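Have the sequence and the model open, and try each task before reading its solution.

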Amino acid sequence: MTTNNHPEAEPAPALPAGDFIRDIVAADQASGKHGGRVVTRFPPEPNGYLHIGHAKSICLNFGIAGENPGGVCHLRFDDTNPAREDVEYVDSIQEDVRWLGFDWGANKFYASDYFERLYQYAVELIQLGKAFVCDLSAEEMATFRGTPTVPGKPSPWRDRSVAENLDLFTRMRAGEFADGAKTLRAKIDMASPNIHLRDPAIYRIRRAEHHQTGTAWLIYPMYDYAHCLSDSIEGITHSICTLEFEVHRPLYDWILDALKTPCHPQQIEFARLNLSYTVMSKRKLLQLVQEGLVTSWDDPRMPTIAGLRRRGITPEAIRNFCARIGVTKYNGLTDVALLEFAIREDLNRNALRVMAVLHPLKVVLTNYPAEQTEEMPAVNNPEDPAAGSRLVPFGRELYIEQDDFMEVPAKKFFRLAPGAEVRLRYAYIIKCEAVIKDATGRITELHCTIDPDSKSGGATAGRKIKGTIHWVSAAHAVPAEVRLYDRLFTVPEPDHAGEGRDFKEFLNPQSLATLTHCQLEPSLRDARPEARYQFERLGYFRADPKDSAPGKPVFNRTLTLRDSWVKEQGK
RNA sequence: UGCCGAAUGGUGUAAUGGUAGCACGAUUGCCUCUGGAGCAGUCUGUCAUGGUUCGAAUCCAUGUUCGGCAGCCA
């Protein structure tokens with residue numbers, strides 16, 4: 001298991017027991033059904049970026065392969081629809097799977113690798129009298145198909161001779177017919193209660209350049225036809241997919257039974273991941289990108305792997321999350337709080353603590369010498385003694401967080417207020433003596449005094465002070481831009497928010513706040529994107545890998561810390 | 001009204017005829033130089049009604065509710 005950004009990270013905790021799919025695999029192993037082999041596959045269509053829902057599938061498929069001796073998991077691009085696919089997606093998918101910590105070794109395939117073989121299988125199907133060339137238009141075919149409650153009617157072309165079908169199919173491939181003019185259809189049962197068995201189209205004519213095969217093909221196989229055969233060709237033992245393909249399984253099995261194929265994999269369906277406060281369909285995510293509602297597929301607000309990565313979430317957190325949510329056939333809605341827990345759990349263990357002030361309020365320590373500077377030792381990570389400590393410069397003028405001062409303190413407010421005392425983290429206890437305002441009444445700075453005996457680590461530092469706040473020395477501070485991200489949508493289910501309502505109506509206008517006047521402790525000047533930080537009392541942050549420049553970091557907030565003060569205020 | 005599938009606390013799951021457990025969440029307290037973390041406690045559940053059984057979340061029947069399926073998308 002790779003740990004790209006966290007060589008110091010502990011191995012992932014023991015994963016939960018099994019699930020119904022692992023039970024099936026174990027039973028098959030016990031009975032010797034597949035001769036002891038376990039071969040799974042992760043089969044994305046390269047028509048978009050991977051998202052956290054795909055991560056669930058990746059962890060499942062690669063996970064099962066990894067848990068079984070000799071098990072392998074293939075990465076297979078399901079690229080049968082060139083109109084919507086692109087190499088950009090082929091590349092991003094590989095990067096994302098690898099980043100998540102999984103390795104397909106030499107087993108990278110494309111359904112398009114099998115186009116010739118798939119074509120020969122189709123010829124075979126025709127020869128068997130189990131497929132025919134149909135001249136019906138798309139609209140006509142829809143009419144003939146019937147509805148779930150009304151049986152379909154056979155196509156008038158259903159009984160063409162094998163010879164004629166062979167001839168026509170050959171000419172489809174040769175480009176003699178216009179796009180959409182003809183299809184090859186499986187001959188099954190137009191009256192089947194399962195619509196997918198009503199003579200489904202298995203090849204269509206499409207003059208589209210394919211990102212892998214170029215212009216070699218004018219006809220392309222449909223998913224149902226290509227997928228089961230690709231599985232069989234690769235010797236897949238367990239073909240794991242999501243619930244909506246459950247009704248396709250009889251067709252999957254029909255095709256493999258009709259043909260002489262290397263093996264007959266078992267299709268097993270599980271519930272896809274739904275996460276609250278987000279959307280999880282490539283179509284909708286693409287829409288957000290195309291309409292400029294987010295900046296890109298890797299916008300840190302996106303639930304894409306690339307977005308989560310850029311935001312600062314680690315592969316460990318995603319894997320642990322996937323392990324926690326389990327695998328079932330129940331189509332529910334997972335609370336995003338579960339994801340957030342996994343992120344905090346990981347970052348709490350691994351992130352380096354630093355001090356940064358997001359909304360600066362200047363503090364002048366009136367009894368501290370103007371020319372004096374001290375270096376305060378600060379712990380890098382209380383969860384990890386090996387992370388050591390560092391020195392943080394301290395001086396007469398500081399910045400503190402605006403939120404850490406209240407002119408009229410609320411009940412249970414433990415921070416600074418006129419006449420009140422607070423502990424400066426790793427430094428002195430200070431007392432607020434005066435509030436300085438400008439002509440408009442806005443607070444511009446605070447005048448405070450230190451208790452010189454209260455320095456951290458000092459002999460008389462033990463005075464009990466309820467509140468501790470973070471700070472940055474004004475003379476040493478590094479100014480920086482910090483981006484605060486929040487959930488992308490304001491409602492738990494933007495997908496099901498009401499009749500005729502569009503999910504984009506529920507976009508959270510506050511999902512991004514860009515702060516341009518933040519002040520960081522100097523150790524952050526050259527922060528590298530690989531590092532994960534906790535800005536003490538605020539949250540987890542990482543330098544944006546695209547927008548940071550040397551000496552001029554831009555930070556993304558990954559997630560806030562849990563904040564019981566916010567809850568207290570809500571009472 | 002057709003076919004397929006699923007129902008366990010607020011959420012995600014476990015228990016495979018034998019004490020309904022875990023995690024998240026919420027909440028109370030302890031602790032704390034992060035209102036973080038940690039520690040301790042509390043909270044809430046087997047869709048319904050029958051049946052089989054010494055015993056049912058689990059098996060059976062009926063019903064209810066929810067999800068999926070009518071692309072030449074995957």
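The exercises below concern aromatic contacts in this predicted model.

**Exercise 1.** Classify the geometry of the aromatic pair Y368 and Y428, and find where its two members lie.

*Solution.* Begin with the search of the whole structure, which returns 21 aromatic pairs. Next, place the residues: Y368 belongs to the loop between strand 12 (360–365) and strand 13 (374–379), and Y428 to the loop between strand 16 (421–424) and strand 17 (429–437), so the pair ties together parts that are 60 residues apart in sequence. Finally, check accessibility: both Y368 and Y428 are buried.

**Exercise 2.** Describe the pair F489 and F503, and decide whether each residue is buried or exposed.

*Solution.* The centres are 6.1 Å apart with 45° between the planes, a tilted pair. F489 and F503 each sit in the loop between strand 21 (478–485) and strand 22 (512–520), 14 residues apart. Buried means under 20% relative accessible area. F489 has 0% relative accessibility, so F489 is buried; F503 has 4%, so F503 is buried too. One further neighbour is K284, whose charged end sits over the ring of F503, 5.7 Å from its centre.

**Exercise 3.** Which residues form one aromatic cluster with Y119, and which charged end sits over the ring of Y119?

*Solution.* The cluster consists of F115, Y119, F169, Y203, W217, Y220 and Y225. Over the ring of Y119 sits the charged end of R173, 4.4 Å from the ring centre.

How values were computed:
Residues numbered from 1 in each chain as written. Chains lettered and ligands numbered in written order. Predicted model: local features only at pLDDT ≥ 70, side-chain atom pairs only at ≥ 80, totals over all residues. Heavy atoms only, no water. Phe/Tyr/Trp six-rings, centres within 6.5 Å; stacked < 30°, edge-to-face > 60°. Helix = DSSP H or I, 4+ residues; strand = E, 2+ residues; numbered from the N terminus. Buried < 20%, exposed > 50% of the residue type's maximum accessible area, 1.4 Å probe, protein only. Lys NZ or Arg CZ within 6 Å of the ring centre and 35° of its normal.
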